[in-house]
Amino acid sequence: MHNLGQTRSSHQRNHLLLTPDTFVRTALPGMKNASAIVHVGPALGAAFTEYTAEFEPKGELGNTSAQRFIYVLEGGVTLEVKGKRHELGVRGYAYLPEDFSHKVVAKEKSRVAVVEKFYERIEKTEPPRLIVSSEDSISSHALDGDSDLQVKCLLPEEPQFDFAVNTMVYRPGASLRMVEMHVMEHGLIMLEGSGIYRLDDSWYPVAAGDFIWMGPWCPQWFGAIGRVPAKYLIYKDWNRHPLGEPKK
Ligand code: UGY
Ligand code: MN
């Protein structure tokens, strides 16, 4: 059916909403039997890239010298590192440090959220190491004391990490306590449920499958609406001085 040029997707100076009807698939270098829906990247002013990789069975991701974070949305993949194989099912995830040789191979038809970012080193701090885990083994905490809004931090809260990836689950009717405005940018994939996202001076209905990018200081607020909890996976840059490291 034609939608006569209508979409919920919206591209604004400091935020982006992408809904599945506007997704365009492309191949990235090194990918085999897989394609990428690139959600955001430096071409838009972001300091990271995020894409959904869609794999046929035995499909593979290409290499990167950047840090990479993967989170399995559907199906399952094998992560091969240093002769070891790790099986990741739905909600399984991994953090791969920069310049880390690895392979991600789909065991079946699968979808994986991928974040890549060049590492911002800080002096006298060791870079992070490989992490392979599952969201199911992480305990959640209430955000700002609101037990209806549960957060899981998938990466350790340690200064060597220059980004964070969290899941946030809102009971229907729960919302962020305040309109946030902060230096960090966000990449967000709606995983479950629906609600209203305020971005800058617009309020958008959003649902599972949507992607949102919020640039620095983008006013942001979310309220969950519907009969099931709303859940999203959210990236933010983290733990770094806004000026960056001094050039010597
Ligand atoms: O971590 C965050 O900044 C998060 N509370 N932001 C958001 O959900 N838009
Ligand atoms: Mn935020």
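**A ligand and its pocket**

Hi everyone, let's start with one contact: a polar side-chain atom of Tyr 197 lies 2.9 Å from a nitrogen atom of ligand 1. A polar contact here is a pair of N or O atoms within 3.5 Å. This is a predicted model, where local features need pLDDT of at least 70 and side-chain atom pairs count only at pLDDT 80 or more, while totals for chains, interfaces and linings use all residues. Side-chain values use heavy atoms, without hydrogens and water, residues are numbered from 1 along each chain as its sequence is written, and chains are lettered from A and ligands numbered from 1 in the order in which they are written.

Now, which side chain has an N or O atom 2.6 Å from an oxygen atom of ligand 1? That is Tyr 232. His 182 also brings a polar side-chain atom to 3.2 Å from an oxygen atom of the ligand.

Around ligand 1 we find, among others, Met 168, Glu 180, Gln 220 and Lys 236; to be listed, a residue needs a heavy atom within 4 Å of the ligand. S20 gives the largest share of this shell, three residues; strands are DSSP runs (E, at least two residues), numbered from the N terminus.

And where does ligand 1 sit? In the largest pocket, meaning that more than half of its atoms lie within 2 Å of the pocket's grid points. On a 1 Å grid over the protein atoms alone, a pocket is an open set of points where a 1.4 Å probe fits, with protein on both sides within 12 Å along at least five of seven lines; lining residues have an atom within 4 Å of a point. S14 gives the most to that lining, with five residues.

Notes:
Helices (H or I, at least four residues) and strands (E, at least two) are DSSP runs, numbered from the N terminus. A polar contact is a pair of N or O atoms within 3.5 Å; within protein, one must be able to donate a hydrogen and the other to accept it, and residues adjacent in sequence count only if both atoms are side-chain atoms.
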